[in-house]
Amino acid sequence: MAYYIGIDLGTSAVKMLMMDNNGEIIKSVSKEYPLYFPQAGWSEQNPEDWWIAVKDGLKELIADYDKSMIGGISFGGQMHGLVMLDKDDKVIRPAILWNDGRSTKQCEYLNNIIGKETLSEYTANIAFAGFTAPKILWVKENEPDNFARINKIMLPKDYLAYMLTGVFSTDVSDASGTLLFDVKNRCWSQEMCTICGITEEMLPKVYESYEGIGTVLHQVANELGINAEVKVAAGASDNAAAAVATGTVGEGKCNLSLGTSGTVFISSDTFRADENNGLHSFCDANGKYHLMGCMLSAASCNKWWMEDILYTKDYEKEQSIIENLGENQVYFLPYLMGERSPYNNPDARGTFIGMSMDTGRGHMTQAVLEGVAFAFRDMLEISKKSGIKVETTKVCGGGAKSRLWLRILANVLNLRLEIPEREEGPSLGAAMLAAVACGEYKTVEEAAEKIVKIKEFVEPEKKLVENYDRCYETFRQIYPACKGIYDLIKNETRRKER
């Protein structure tokens, strides 16, 4: 018997779980920490707060168990965040997080001056405000004293690995989201380092997600009460670790996350890149690759509609009046926070269209659910053009609790939906990676096959699929028609701010 610990460093809290060598979850613990918004559009955290929360959480997690049974530890974590240390390993400034929007100017420089084609050649991706490289440029331009002090640049979960082991490391999946990484060749891009004014020595050594990076530092082991020989694996980005936890490993495997935001994750055995950069091309946690798209508002659209507009929390009652799927004449663009995939347009906005005098609240509620489903289809249509054939998909996230929404998704996407037996997310995926690193399973694929179970399926219905195909053809015309209006709204907002 052995125990494996997975640590998921989220935006609001760190979640830790311990599983045994059969994949059974023994215990889980969550610890929160502050999130700071120094200015509008900024989002920061103190890395020291993460480390304190992790140590406290680990002590609680293992308190009642035989600590000598702990075999390995690994990580999942929020992507893209910029953590900088000086020559004395002190944090230079608070970490700039994935949802920080201050680097718009730097993204415009990278995409328009350096050029999207050049970025794609170097990294297989283009610049988004959330990515790490634009943040580095922002620090260089706005905080030159801090920039001059940089000795190490790392991602959030890798700060935890460094504090735990003393090893300066990252993994390929998390590195892929920095815009500093040559995804196809799984190495740092010298060209991007030059563009950002940094050296490769400032960046961590890159490992595969399931590889061991070292063992626990003696002083940390003594503080936690564990064996210093516990192996620590590199871990993965939150999305890649969550994909492992849902068994989304192998060619054409797909997972939809219907959470606050919406994510499409498609595993691929070979490197693929979308020529229009509508989807991100990243390395995967199993040594291969994946395509990923992210819509900024998914289940949050439904929450907004129910609670902020209809003033109700009885979601089930509101959905119970919806009857005629595939026949709604009202459409909703779910861009309440702008949109990332496939449009990369922070100025896009939520839009209802098609209302008439006989439109009721049920039609509007249905439009919200369908609009999110259509936006997922936008991303899956891109994957088809990249040559990936998706036949089924896992679905996870809070929105997956709605039976109606699952039925809509199955028919809009014309895919069989698979609902995992349990949903522990990146923390479970991280624990599975630790088990692979320790030799408990030979491969990530084997771990997923033996641990992940499906509890139910939702099948598409031929007539509804045909109806939704027609509706989707209408939906996909709405954003191009509205884009010019979004630009006008943006210009008017800027004029008023001046």
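## Enclosed cavities

In this predicted model, the second largest cavity has a volume of about 40 Å³. Its lining is made up of Ala245, Pro420, Glu421, Arg422, Leu428, Ile451, Val452 and Lys453. By class, these lining residues comprise 5 nonpolar and 3 charged residues, with no polar ones.

The largest cavity holds about 60 Å³ of space. Thr132, Ile153, Met154, Leu155, Asp158, Thr170, Thr178, Leu180, Trp188, Leu203 and Pro204 form its lining. Here the division is 7 nonpolar, 3 polar and 1 charged. Across the whole structure, the search finds 3 cavities of 30 Å³ or more.

## The second largest pocket

The second largest pocket contains about 520 Å³ of space. A total of 22 residues line this pocket, and Pro342, Tyr343, Asp378, Ile382 and Lys385 are the ones nearest its centre. Helix H12 (361-385) contributes at least two residues to the lining, as does helix H16 (462-497). Sorted by class, the lining of the second largest pocket consists of 9 charged, 7 nonpolar and 6 polar residues.

Helix H3 spans residues 132-142 and is mostly covered, with 8 of its 11 residues buried. The buried residues are Thr132, Ala133, Pro134, Lys135, Ile136, Leu137, Trp138 and Val139. Thr132 also belongs to the lining of the largest cavity.

Several elements take part in covering the buried residues of H3. Among them are the helices H2 (104-123), H4 (144-148) and H7 (190-196). The strands E6, E7 (95-96) and E8 (152-154) are also included.

Where in the chain does His80 lie? His80 is found in the loop between strand E5 (70-77) and strand E6 (83-85). Is His80 buried or exposed? Its relative accessible area is 3%, and His80 therefore counts as buried, the cut-off being under 20%.

The side chain of His80 forms a polar contact with the side chain of Arg340, at 3.3 Å. Apart from neighbours within four places in sequence, the contacts of His80 are Ile96, Trp98, Gly130, Phe131, Thr132, Lys135, Leu155, Asp174, Gly177 and Arg340. Two residues in this list, Thr132 and Lys135, are buried residues of H3. Leu155, another contact of His80, is part of the lining of the largest cavity.

## Nonpolar cores

The largest nonpolar core has 66 residues, and those with the most contacts inside it are Met19, Leu180, Ile198 and Met432. Helix H14 (residues 426-437) supplies the largest share of this core, namely 7 residues. There is also a second, separate core of 59 residues, which includes Leu258, Met306, Val390 and Phe475.

Which residues does Ile198 touch, leaving aside its neighbours within four places in sequence? Ile198 is in contact with Ile136, Phe147, Ile153, Leu180, Cys193 and Leu203. Of these, Ile136 is one of the buried residues of H3, while Ile153, Leu180 and Leu203 are among the residues that line the largest cavity.

## Helix H13

Helix H13 (residues 403-413) is mostly covered, as 9 of its 11 residues are buried. The buried residues are Leu404, Trp405, Leu406, Ile408, Leu409, Ala410, Asn411, Val412 and Leu413. Just after H13 comes Asn414, which takes a positive phi of about 55°.

Methods. Residues numbered from 1 in each chain as written. Predicted model: local features only at pLDDT ≥ 70, side-chain atom pairs only at ≥ 80, totals over all residues. Heavy atoms only, no water. Buried < 20%, exposed > 50% of the residue type's maximum accessible area, 1.4 Å probe, protein only. Helix = DSSP H or I, 4+ residues; strand = E, 2+ residues; numbered from the N terminus. 1 Å grid on protein atoms, 1.4 Å probe; cavity = no way out; pocket = protein on both sides within 12 Å on 5 of 7 lines; lining within 4 Å. Points joined across faces, edges and corners; volume = space filled by probe spheres on them. Nonpolar A, V, L, I, M, F, W, Y, C, P; charged D, E, K, R; others polar. Polar contact = N/O pair within 3.5 Å; in protein donor to acceptor, adjacent residues only side chain to side chain. Contact = heavy atoms within 4.5 Å. Core = buried A, V, L, I, M, F, W, Y, C linked by side-chain atoms within 4.5 Å.
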